Amino acid sequence: MQSVEIFANLSVGKKLLCGFAMVLLLTLGVAGTGFYAVDSILTRSYQMNQLLRINAAVLEARGLERDFALTRSDASAAALRSTLAKLNQELDELAGSVPEEDQQALQQIRSNAAEYADKFTQYGQLIDKGIALRERMAEAAQKSREEFEYIELDMYDAVRVLRLEGDRLTGSDPLTIAEAASGLTKRILDLRTFESMFIANSAQAAVDSWNESYQDVTTIGSSLKTWLNDEQKTTMDGALAALATYQQAFGDFRSNRIERVALEQAMVAQAQRILDTAEKALAGATEAMQDQRRSAYMLLGVISVLAVVIGLM
């Protein structure tokens, strides 16, 4: 009451001066609150747009990763690395506008993105190694097949000579050996078929069939050496050695495929971690913007109440 009486006893000039001062203060309060609200909303909107662009970059990287897996295209690999570089650029820009408590989330995204890039590099190396192993398998299988064909043709030549001479080889018919060698050549084609089946669907049944055929070829090839001359035995040894190389390359390829599948799953999990962290940061930014909006409304409400109280004085 005393403050009201003091104000009532003031001269008209002082009352006007106090009134103008209060109006000015209220105007400044309203303006300050408006600037605060607009700046906060714009800042948070910028942060949310940056986070959405980060999400888009991660999804684009996943698409390019799948394209690279299908096409082995260097352009896809380069585009993926460019996308990850763009993601890091977005993180750098975003780091300058977010508060300290949100910096940890950005560091987590950056760390996950770097790990994803490392895994993609390893993935590319595994794919290159797989291509080299397939070439090695093809070369070994071709060499083994050629050696078996050489023995087959050699034995057919022996059959022709024997028919001309009316004689037979001691202990074995060369026609039988030629047919057995022909069977080995066909078995090599079976091995290539089972290899292709495994490449297509990674089926264990294809591996089992490959191993079974390989065992048959090595067993029959080794037993045929008993009836071959020294030159033919050397050829058979070369064929079996190439076949052993084929087996080793096929085993290495299967291990390579297992590593690739595991790495693909790890990249999926890594990309999902980035998306989850970004989504969490986006939800936090949205909540913070809502809190700032409520604070602005509260300040405007307080200023309005003060204006009414002053007006009643």
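1. In this predicted model, Glu115 and Lys119 sit 4 residues apart in helix 4, so about one helical turn separates them. The two form a salt bridge, with the closest N and O atoms 3.9 Å apart. That distance falls inside the rule, which asks for a side-chain nitrogen within 4 Å of a carboxyl oxygen. Glu115 is partly exposed at 35% relative accessibility. Lys119, at 16%, counts as buried, because the cut-off for buried is under 20%.

2. Glu149 and Arg145 are a further pair in helix 4, 4 residues apart, or about one turn of the helix. Their salt bridge has its closest N and O atoms at 3.3 Å. Glu149 is partly exposed, with 27% relative accessibility, and Arg145 is partly exposed with 26%.

3. Asp92 forms a salt bridge with Arg110, the closest N and O atoms being 3.0 Å apart. Asp92 belongs to helix 3 (residues 74–95) and Arg110 to helix 4 (residues 103–165), so this pair ties together parts that are 18 residues apart in sequence. Asp92 has a relative accessible area of 48% and is partly exposed. Arg110 is also partly exposed, at 23% relative accessibility.

4. The salt bridges described above are part of a total of 10.

5. Ser213 is found in helix 6, which spans residues 204–224. Is this residue buried or exposed? With a relative accessible area of 7%, Ser213 is buried, because buried means under 20%. Leaving aside residues up to four places away in sequence, Ser213 touches Arg187, Asp190, Leu191 and Phe194.

Terms used
Residues are numbered from 1 along each chain as its sequence is written. This is a predicted model: local features need pLDDT of at least 70, side-chain atom pairs count only at pLDDT 80 or more; totals for chains, interfaces and linings use all residues. Side-chain values use heavy atoms; hydrogens and water are left out. Helices (H or I, at least four residues) and strands (E, at least two) are DSSP runs, numbered from the N terminus. Buried means under 20% relative accessible area, exposed over 50%, partly exposed in between (1.4 Å probe, protein chains only). Contact means heavy atoms within 4.5 Å.
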